[in-house]
Amino acid sequence: MSSKLKIFELLDVLDNLKHLKRTGWVKCGVPEPETVACHMYRMAVLAMALEGGIDNLDAMRTVKMALVHDIGEAIAGDITPHCGVSDQDKFDLEKKAIDTIASYVPNVGDEWTMLWKEYEEAASLTARVVKHLDKFDMIVQADKYEQTHAIDLQQFFTSTTGVLTMEPFATWDRELREKRNQRINKE
């Protein structure tokens, strides 16, 4: 790996993330859907907010993982379960992308690759928290889109039923679903 930061290549990656609309929202016809960068940013802010809230959680490591967990999508694209790509092919595409991106930042590239792999394997408390942040952010966004655009995004709630098992995510999930159900029942 070269020892020089490839700033312009990294900037291209970040620009791609700033403009890459999340596939799930696009496929559901959400007007002006969030981008991958928006998603990762909100996850990182939520990770910072967890400081001291989960025993033995390193919040700064969680922020870093949140910021790199989808960075490979800048090259591989935002592949969802509905894209017709196998889990192994998705993993391989994203692994190749993260390796490429890591080569642009030799001072931290190994760390980014390790954080991504740890996330993919859900191999630690940090990774499990980031997996929960990922799913929680998705349903919060679905709820917001339902309110803003009057569209039905039940599939996102169905796909995450029973998935958020860690605290505080299980409580937040329950509260969000209760609020959503109250809103739907009023309509």
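Predicted model: local features only at pLDDT ≥ 70, side-chain atom pairs only at ≥ 80, totals over all residues.
User: Is T80 buried or exposed?
Analyst: T80 sits in the loop between α5 (73-76) and α6 (87-104); helices here are DSSP runs of H or I with at least four residues, numbered from the N terminus. The classes are buried under 20% relative accessible area, exposed over 50%, and partly exposed in between (1.4 Å probe, protein chains only). T80 has a relative accessible area of 13%, so it counts as buried.

User: Which residues does R42 touch, not counting those up to four places away in sequence?
Analyst: R42 belongs to helix α3 (residues 36-49), and its relative accessible area of 29% makes it partly exposed. Leaving out residues up to four places away in sequence, R42 touches D137, V140 and Q141.

User: Which residues lie closest to the centre of the largest pocket?
Analyst: A pocket is an open set of points on a 1 Å grid over the protein atoms alone, where a 1.4 Å probe fits, with protein on both sides within 12 Å along at least five of seven lines; lining residues have an atom within 4 Å of a point. The largest one holds about 900 Å³ of space, the volume being what is filled by probe spheres set on the points, joined across faces, edges and corners. Of its 32 lining residues, the closest to the centre are I79, T80, P81, D134 and K135.

User: Which helix gives the most to the lining of the largest pocket?
Analyst: α2 (23-27), α6, α7 (109-121), α8 (125-149) and α9 (154-159) each supply at least two residues of that lining. With 6 residues, the one giving the most is α8.

User: How many charged residues are in the lining of the second largest pocket?
Analyst: This pocket has about 280 Å³ of space, and α1 (7-19) supplies the largest share of its lining, 4 residues. Ala, Val, Leu, Ile, Met, Phe, Trp, Tyr, Cys and Pro count as nonpolar, Asp, Glu, Lys and Arg as charged, and the others, Gly among them, as polar. By class, the lining has 10 nonpolar residues, no polar ones, and a charged count of 2.

Methods: Residues numbered from 1 in each chain as written. Heavy atoms only, no water. Contact = heavy atoms within 4.5 Å.
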